[in-house]
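I opened the model to look up its sheets, the helices packed on them, and the cores. My entries follow in the order I made them.

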Amino acid sequence: MAAVLTSDMPRYKDAYRSFVRALAAKGYGEGEVEFVTQTPNPDFISWANSVRKFNALKPDLLVTFGAPATISATQETVRVPIVFADVYGPVETGISRSLTKTGGNLCGVSSKVPMAMLVKTMIEIRPIRTLGILYNSRERGSYVQMQELKRLAAQKGFSVVEANVPVASGLDAALAHLLAQSDCLFVSESSVVGRGMERIVRKAMDVKVPVISLVPDASEKGALVTLEASPTEQGQLAADHAAKILSGIRPGELPVLTPRKVELVINLKSARMLDLQVPFRVLSVATKVIK
């Protein structure tokens with residue numbers, strides 16, 4: 001069994017560990033299954049090379065974490081069954097035909113959560129006039145989030161300023177550009193952007209701009225509001241699909257699964273540093289509050 005985990009992203013590591021544990025509980029432990037992993041850099045050449053290496057090994061199953069690695073897998077292999085996890089919008093990214101049946105040789109788990117809830121929560125704390133968006137056009141999930149926010153902005157009446165960060169060296173310039181124009185900053189689910197989360201939050205806090213995100217654990221790094229799909233549950237759901245495929249079910253006949261555990265997290269420590277008061281009604285619907 002082969003797995004592609006992008007670089008050193010903690011969310012993918014958490015999902016993979018959960019996947020291995022859940023699969024072992026179904027009778028496919030390390031004594032029965034050989035696990036081989038690749039941790040490529042966050043670029044399409046590296047993702048594609050990892051998949052090609054696995055094609056030579058001819059694994060019984062390929063597990064991919066994140067939209068970019070999954071897209072590379074679908075482009076590089078058509079015979080090996082693929083189970084994906086942590087893909088924001090499998091249909092919107094073009095990975096799956098529908099949520100009921102993916103078609104082809106893959107199935108998996110969506111990490112999509114209601115973006116409108118994240119925005120609504122932030123607006124209830126402080127209205128947004130201009131939202132800055134850090135995203136990466138090379139990563140489809142990140143791009144889909146940016147497009148979704150632009151549609152929400154038109155509905156809610158605030159403006160959007162976006163900055164595309166395809167490489168890490170462009171992050172500081174993009175961040176300075178956005179913070180000069182925005183009163184709130186959204187950090188998308190991008191390998192390139194997400195690896196700089198602590199630096200992003202620190203610079204945003206310096207100019208009193210709150211950060212919101214869908215990235216797991218972004219709240220622990222200082223984001224004011226996050227809406228997070230559980231990587232652990234995604235790993236467990238991916239293992240459910242993997243076990244079915246190993247028992248003979250075709251992946252294209254399986255539906256895209258969605259985690260039930262979604263946490264709305266409010267960081268009160270960040271709120272105090274931003275001189276913001278979080279209304280009780282917001283705290284009452286939060287599933288986790290960082291004090």
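Entry 1: I started with helix H5, residues 140-156. H5 lies across strand E6 (130-135), E7 and E8. I read its direction as about 170° to E6. I keep in mind that this is a predicted model.

I traced 7 strands in an open sheet, in the order E7-E6-E8-E9-E10-E11-E12. The pairing is mixed. Strand E7 (159-164) and strand E12 (288-290) are the edges; each has a single partner strand, so one side of each has no neighbour in the sheet.

I then looked at one pair in detail. Strand E10 (residues 225-229) and strand E11 (residues 262-267) run antiparallel and are joined by 5 bridges. Which residue of E11 is the bridge partner of Val-225? I found Ile-266. Helix H4 (residues 115-125) also packs on this sheet. H4 touches strand E8 (184-187), strand E9 (211-213), E10 and E11. The direction of H4 makes about 160° with that of E10.

**Entry 2: the other sheet.** I moved on to an open sheet of 5 strands, ordered E2-E1-E3-E4-E5. Its pairing is parallel. Which strands stand at the edges? They are strand E2 (36-38) and strand E5 (106-110). Each has a single partner strand, so one side of each is left without a neighbour. The twist averages 15° from one strand to the next.

Strand E1 (residues 2-4) and strand E3 (residues 62-65) run parallel, with 3 bridges between them. Ala-2 has Leu-62 as its bridge partner in E3, and Ala-3 stands opposite Val-63. On to E4: E3 pairs with E4 in the parallel sense over 4 bridges. Here Leu-62 stands opposite Ile-82 of E4.

I checked where the E3 side chains go. Leu-62 and Thr-64 point one way, while Val-63 and Phe-65 point the other way. Are these residues buried or exposed? All are buried.

Entry 3: I placed helix H1 (residues 10-25) across E1, E2, E3 and strand E4 (82-87). H1 runs at about 145° to E3. Helix H3 (residues 67-76) packs on the sheet too, touching E1, E3, E4 and E5. The direction of H3 makes about 155° with that of E4.

Then I compared H3 with helix H2 (residues 44-57). Their axes come within 9 Å and cross at roughly 50°. That angle makes H2 oblique to H3. The crossing is right-handed. I listed the contact residues. H2 contributes Phe-44, Trp-47, Ala-48, Val-51, Arg-52 and Asn-55. H3 contributes Pro-68, Ala-69, Ser-72, Ala-73 and Glu-76.

**Entry 4: cores.** I finished with the nonpolar cores. How many residues are in the largest one? I noted 57. Those that touch the most other members are Met-115, Leu-131, Leu-134, Leu-185, Phe-186 and Val-225. Val-225 is also the residue I had paired with Ile-266 in E11. Another core lies apart from the largest one and has 27 residues. Among them are Ala-15, Tyr-16, Val-20 and Phe-35.

How values were computed
Residues numbered from 1 in each chain as written. Predicted model: local features only at pLDDT ≥ 70, side-chain atom pairs only at ≥ 80, totals over all residues. Heavy atoms only, no water. Pairing = 2+ DSSP bridges. Helix = DSSP H or I, 4+ residues; strand = E, 2+ residues; numbered from the N terminus. Contact = heavy atoms within 4.5 Å. Axes fitted to C-alpha atoms, helices over the stretch in contact; angles between N-to-C directions. Core = buried A, V, L, I, M, F, W, Y, C linked by side-chain atoms within 4.5 Å. Buried < 20%, exposed > 50% of the residue type's maximum accessible area, 1.4 Å probe, protein only. Parallel < 35°, antiparallel > 145°, perpendicular 65-115°, else oblique. Left-handed = near helix turned anticlockwise from the far one by under 90°.
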